[in-house]
Amino acid sequence: MTENNTVAAGDVPQLSPLYLLRWEEPQQAHVMLYPEGVVKLNETAAAILLLCDGQRTAAEIIADLNSRYTSADVSAGVYRFLETSHAKGWIRIKS
Amino acid sequence: MPKAGSGLSLDGDRIPMWLVLELTYRCPLHCAWCNNPLDFDNYRNELSTEEWKRVLREARAMGSLQLGFSGGEPLLREDLEELVGEADRLGFYTNLITSGIGLSRERLQAMKAAGLKQIQLSLQSSDRAITDSLVGAKAFDAKLAAAREIKSHGFPMVLNVPICRQNIEQTEDILKLAEEIGVDYLEFANIQYYNWALLNRSEFLPTRDQIAMAEAAVARARERLGKRMTIYFVIPDYFDERPKACMNGWGAIHLTIAPDGSALPCQEARVIPGLEFPSVRDAPLAWIWHESPVFNEFRGDAWMKEPCRSCPEKEQDFGGCRCQAYLLTGNAANTDPVCAKSPEHHLVVDAVAEAAVPGRRRRPIVMRRRDSVNTMFMGCGG
Ligand SMILES: C[S@@+](CC[C@H](N)C(=O)[O-])C[C@H]1O[C@@H](n2cnc3c(N)ncnc32)[C@H](O)[C@@H]1O
Ligand code: SF4
Ligand code: SF4
């Protein structure tokens, strides 16, 4: 990929319209469905993607997660995951 | 259709994640590589609307997620919209796999309303005359109109281009056309040699040089387009040293239901003689998938012979394709001869070499038509 996938605090990530994210009872997990495949998400990945609603900034997503998972600051991990998701085309960035 | 490396990262608890319903083998086109059976006309006893709905319910209860409505031409079923609606209500991610013939605005609207999620359209060339001659009918204009209509209704769209010697040199033009239409996924589907394609193999196999040129064009387009269009270009397995991980393994994640209700681990599986494919008319789908002898025949790796049995790569490719092993070596439990470790690998190498001999004698292409082949000689193609 030649594009820049970095995500900044003020960026607003949004799930790509090609993807469908939902809870799947038989898998007991969230899955992402798209024309050519299925991805099963772990709990953290799903928690982040569910917040990529085109409203919240990356900073707000992190604040939200920090308030729920108190153990440690999640920001580094969340940025990394958002950047991977961006590179994979799962999310788009509205800035 | 599942692609190698396309993110099938579900730890398969042996769930038929991918369900393909071949609603009918009827089709207005005559593609000479069609992977439908040679005796496609003997499948007129199609499942009824209610029977298809029962299949949908049973599969969904087992955890099926991705659903393809295919054929033949699925648009020839007047209950397609009704089945899409039922599938959507049940929670499937619904795909329509179509030639585009008969895809009117009204039907698109109805399917959108019914919850259809995406459409895969097949196109054979960026050139009208070549397309029409490859499919044996005037189809190019209708396909292009369908493509634009699909995008204007906001569907994610896969454009499937079956690749052969006749169209591979148009890769550049096809890429441009796809970009202009606004295709989301462009799939250069190298023709797989079963059924009609196997009959016509010597006329369709591209040359190594052609493949290299096409790959270079794809690489340039990827560079230019970035994330705007995802391009799949899988080199035809005949040119590889290792087989494809066919179906992610037999009876692992893929289930096809034929028009008459036969359940198949892959849509080509009927070419292997001696297997009995149970029908959803006679048995519950869960029994067919988990218990029936045919779905267990090549499941796991207990059936493997050498060189696969002791091969460190058997978890990656599952020994390749059972149908190809049978069609080329006469034994479905043999190593897929595409593998360089197969003692019969020369069969594939020879086919590639023969098709590339300059000035070789051309054979007439056999179009997919009811009376094109005497089906008493089915399976003798090659
Ligand atoms: C059998 S068709 C049925 C649906 C519809 N009639 C169509 O052509 O799209 C399903 C898909 O398989 C592709 N196809 C057919 N024969 C093939 C072969 N031998 N190898 C690879 N793809 C093939 C077609 O291009 C199409 O995208
Ligand atoms: S591949 Fe061609 S002939 Fe076969 S079902 Fe599709 S459109 Fe019809
Ligand atoms: S020998 Fe069998 S398992 Fe090993 S790479 Fe070849 S096909 Fe795959």
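Visitor: Hi! Where in chain B is B:Asn195 found?
Guide: B:Asn195 is found in helix α7 of chain B, which covers residues 195–199. Helices here are DSSP runs of H or I with at least four residues, strands are runs of E with at least two, and both are numbered from the N terminus.

Visitor: Before we go on, what kind of model is this?
Guide: This is a predicted model, where local features need pLDDT of at least 70 and side-chain atom pairs count only at pLDDT 80 or more, while totals for chains, interfaces and linings use all residues. Residues are numbered from 1 along each chain as its sequence is written, chains are lettered from A and ligands numbered from 1 in the order in which they are written, and side-chain values use heavy atoms, with hydrogens and water left out.

Visitor: Back to B:Asn195. What is its phi?
Guide: The phi of B:Asn195 is near 45°, a positive value in a residue other than glycine. Most residues other than glycine have a negative phi.

Visitor: Is B:Asn195 buried or exposed?
Guide: B:Asn195 is buried, with a relative accessible area of 11%. Buried means under 20% relative accessible area, exposed means over 50%, and partly exposed is in between (1.4 Å probe, protein chains only).

Visitor: Where does chain A have a positive phi like that?
Guide: A:Gln28 has a phi near 50°, again positive in a residue other than glycine. The place of A:Gln28 is the loop between β2 (20–24) and β3 (29–34) of chain A.

Visitor: Which residues are joined by a cis peptide bond?
Guide: One cis bond joins B:Gly71 and B:Gly72, with omega about 20°. B:Gly72 lies in the loop between β2 (66–71) and α2 of chain B. A cis bond also joins B:Glu306 and B:Pro307, where omega is about 5°. B:Pro307 sits in the loop between α11 (293–296) and α12 (314–317) of chain B. As background, most peptide bonds are trans.

Visitor: Which residues are around ligand 2?
Guide: B:Gly72 is one of them, along with B:Cys27, B:Leu29, B:Cys31, B:Cys34, B:Asn36, B:Ser99 and B:Arg368. A residue counts if one of its heavy atoms lies within 4 Å of the ligand.

Visitor: How many of those are nonpolar, polar and charged?
Guide: The shell around ligand 2 has four nonpolar, three polar and one charged. Ala, Val, Leu, Ile, Met, Phe, Trp, Tyr, Cys and Pro count as nonpolar, Asp, Glu, Lys and Arg as charged, and the others, Gly among them, as polar.

Visitor: And B:Ala32, buried or exposed?
Guide: B:Ala32 counts as buried, at 0% relative accessibility. B:Ala32 is in the loop between β1 (18–24) and α1 of chain B.

Visitor: What does B:Ala32 touch?
Guide: Leaving out residues up to four places away in sequence, B:Ala32 touches several residues, including B:Trp196, B:Phe204, B:Ile365 and B:Arg368. Contact here means heavy atoms within 4.5 Å. B:Ala32 and B:Ile365 are 333 residues apart along the chain, but their C-alpha atoms are separated by 7.0 Å.

Visitor: How many residues of helix α13 in chain B are buried?
Guide: Seven of its eight residues (322–329) are buried, making α13(B) mostly covered. What covers the buried ones includes α7, α8 (201–204) and α14 (346–356) of chain B. Just after α13(B), B:Gly330 takes a positive phi of about 85°.

Visitor: New topic: at what angle do α1 and α2 of chain B pack?
Guide: Helix α1 (residues 49–61) and helix α2 (residues 80–90) of chain B pack at about 20°, with their axes 10 Å apart. Axes are lines fitted to C-alpha atoms, for helices over the stretch in contact, and angles run from 0 to 180 degrees between N-to-C directions. α1(B) and α2(B) are therefore roughly parallel to each other.

Visitor: What counts as roughly parallel?
Guide: Angles under 35 degrees do, while over 145 is roughly antiparallel, 65 to 115 roughly perpendicular and the rest oblique.

Visitor: How do α2 and α3 of chain A cross?
Guide: The axes of α2(A) (residues 58–68) and α3(A) (residues 75–88) come within 10 Å and cross at roughly 130°. These two helices are therefore oblique to each other.

Visitor: Which residues meet there?
Guide: A:Ala58, A:Ala59, A:Ile61, A:Ile62 and A:Leu65 in α2(A) meet A:Ser75, A:Val78, A:Tyr79 and A:Leu82 in α3(A). The contact divides into eight nonpolar, one polar and no charged residues.
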